[in-house]
Amino acid sequence: MIRSYALAPLRLLALALLAVAGLAAAVPLMASVAVVVTYPAAVGVCRRLTGFARRLAQAWGGVAVETPYQSGSAPVPPQRADGWYEHDGQLFKSPAYPRFFLRMQWLSEDPATARDWGWLVLLAPLGAVPALLGPVLLVAGVAALAGAAGASAVAAPGSAAAAGGGTWSRLLDVATSWGGVLDGRPMWLMVAAGLAAVAAGVLAGPALLRAHGLWTRYWLGHASRSWWHTSGFGEWLRRGGHDTWKAVLLLGLSLTGFAVFALTLLLTMVSGGFGIAWISYAVRPMMNQYRRLCAKWGGVELPDPYRPREPLGRPGPDGRYRVGRSLYATRDGAIRAGFFPWVLGDPATWRDLAWMATAPLVALSAVLPGALIGVGYFGLFWQALFWPLWGLPLFLITGFWVSPWYCWQLLALGFPALAAVPGWVSVPVGLLLGLLGVVLARPVLYTIVGWAMLLLAPGRTARLSERVEHLAQTRADAVDAQSAELRRIERDLHDGAQARLVAVGLSLGAVEQLMERDPAAARELLAQARETSAAALSDLRDLVRGIHPPVLAERGLADAVRALALDAALPVDVHAELPGQPPAPIATAAYFAVAEALANASRHAAAHRVGVDIRHVAGLLRVTVTDDGHGGADPARGSGLRGLRRRLATFDGTLALHSPQGGPTVLTMEIPCVLSSPRTSTS
């Protein structure tokens, strides 16, 4: 016990120094986050620092702090059938890049990552301030005792202190410089105050260590321990910080686009206009990435607006290729000549150039929330909390005094009118400015995204062309699916019912010959013919059920899916809320889509239970199939999900799949439709 009390002041001082070191390390770590490439490494260093704080809380404060990070590992990029790796609409030959992006996304989506950054930058220094109380009391007591001893030495004639120098004189100056508290006091009072301060600093050490450990567990443990997180206020601040970072990143891409625009103008003047086509084509991947970020962060749709390049036709009778009004002897020459009218004739090219020229004017608004949060929250609001970690030790060691309102004084150098305002006012002002920055972060982000929607979204002509292409593709898929269905019906009839009916005919012919000669054999053949005809009838019923289930026409979609669930190989919970019935073709498509999803869950997902939810929301028939299997479903690895997507696309439907490794798998199908009058249901 004596050892714990003796080591407590040193441990408290070590915690304060660790907070200062973490705050100093946060600056290059935040810069590493901004670089993006070093983001996982920066998060790893941050987690090691907070992990060290958790271990110290248990070792020195006796408080166990659980690790709140999400379990498992970062997802692995799926490999397509052609050997390429897909991520966010882009293809990669090596899995290194998509694995990096998936890991970065996985780390950033972990709520504990934001709490670690908050602890490192803000909360660790705040917790170190009371941790300094023990060492400060101890140092103050020792300094008071030293001051009393120094005063006695000064009073003694011929002493070194009386000569005006030495360590005692310096300690006396430090002791008496604390606002004149001990100046003119009796010697016994100085000694008593010094002893009391030393005793308080030593005795309060273990309690302060435990309080620091509880503070660490409150912020670095599970979110359920902290009102900051359970109330949603911490999440609101985190979301505002993320929105600010996203807006600043879009500002960086906008400035890059403006630089490309300036380079385009320069090359246009040099090359006579040919540079526009080359640079506009080269910058399209960056523009599509910008569209994906805006669509993801702004909750909008920004598809690829560029026209596909038309294939080069066959050569004419003279062997030459025609491009516009020109003829070319070689195919390569015709392809190169067709490049310029293809790029320059696309309206999206000129919309890209217009965005490059104007985007920085709008994106510069991202500086506003960043400046308000940086100057107000991290500057003015936190200046008085950071000051004890460096300003007070600096004064005690060197005697150089720095005001706790140092950021306010720096602002007053640029704005002299602020010097008349008391320094403590800067703390609430900084808090208000920081909160204002958080409030403005999302509107600024949406403003930037809105400008991108205005210039980078496909034009009316492009949307109509895309719509026509989509309709042509879906109609072709529907025709192919219908042809395949007819071939399946023909095959099933030929191999099933037709073969059985032929057997029945042969059996009846044999019965006619045996009726007179061997009645017993004739009766046996008649029995076999009856069994064969029953099997043929069962095949025909199965075939009809595969074309259009009778229960679907009689009872509606909900009861048809319930009947399907009864025949499934695993337990299925069906929940349906349909005030009416969808059109028959859509109900059939939804029915067979659910059947395919149940079959996949049984064969591939190793699921134990499946849930089916059917409802009509905002003009959409929404069917959600959820299983508790191992997950990892990928449409690129099999034809079943691709067939489902093609089946739904015929009705302008969509299919969304969420299947992380470890499960669960959630398959959501949406088909636009209008429900008819309600149908009686057994539920």
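Helices here are DSSP runs of H or I with at least four residues, strands are DSSP runs of E with at least two, and both are numbered from the N terminus. By that count, Met269 sits in helix 10 (residues 233-271). You're looking at a predicted model, so local features need pLDDT of at least 70, side-chain atom pairs count only at pLDDT 80 or more, and totals for chains, interfaces and linings use all residues. Residues are numbered from 1 along each chain as its sequence is written, and side-chain values use heavy atoms, with hydrogens and water left out.

**On the surface**

- Leu263, Leu266, Leu267, Met269 and Val270 make a nonpolar surface patch of about 510 Å².
- A patch is built from residues with over 30% relative accessible area and no salt bridge, joining like charges within 9 Å and nonpolar side chains (Val, Leu, Ile, Met, Phe, Trp, Tyr) within 5 Å.
- The areas come from the Shrake-Rupley method with a 1.4 Å probe, and for residues only the protein chains shown count as cover.
- Met269 counts as exposed because its relative accessibility is 68%; exposed means over 50% relative accessible area, buried means under 20%, and partly exposed is in between (1.4 Å probe, protein chains only).

**Salt bridges**

- Side chains of opposite charge can pair when their charged atoms come close.
- Searching the whole structure turns up 13 salt bridges, each one a side-chain nitrogen of Lys or Arg within 4 Å of a carboxyl oxygen of Asp or Glu.
- Asp318 and Arg320 form one of them, at 2.8 Å from N to O. Asp318 is partly exposed at 47% relative accessibility, and Arg320 is partly exposed at 37%.
- Asp613 pairs with Arg615 at 2.7 Å, N to O. Here Asp613 counts as buried, at 19% relative accessibility, while Arg615 is partly exposed at 25%.
- Glu670 and Arg622 also meet through their side chains, at 2.8 Å from N to O. Glu670 lies in strand 9 (residues 665-672) and Arg622 in strand 7 (residues 620-627), so this pair ties together parts that are 48 residues apart in sequence. Arg622 is partly exposed, with 26% relative accessibility.
- Arg555, Asp559 and Arg562 are joined in a salt-bridge network.

- Thr216 belongs to helix 8 (residues 205-220) and is buried, at 0% relative accessibility.
- Leaving out residues up to four places away in sequence, Thr216 touches Ala53, Ala57, Val65, Trp119 and Gly221; a contact means heavy atoms within 4.5 Å.
- Over in strand 9 you'll find Ile671, which is buried at 2% relative accessibility.
- The C-alpha atoms of Ile671 and Leu620 are 5.4 Å apart, although 51 residues separate the two along the chain.
- Leu620 is also among the residues that Ile671 touches, along with Ile586, Gly619, Leu621, Leu648, Phe651 and Gly653, again not counting residues up to four places away in sequence.

**A helix on the inside**

- Why is helix 22 (residues 557-566) described as largely enclosed by the rest of the structure? It's because 7 of its 10 residues are buried.
- Those buried residues of helix 22 are Leu557, Ala558, Asp559, Ala560, Val561, Leu564 and Ala565.
- They pack against helix 21 (550-555), strand 5 (572-577), helix 23 (584-603), strand 6 (610-617) and strand 7.
- Asp559, one of the buried residues of helix 22, is also part of the salt-bridge network with Arg555 and Arg562.
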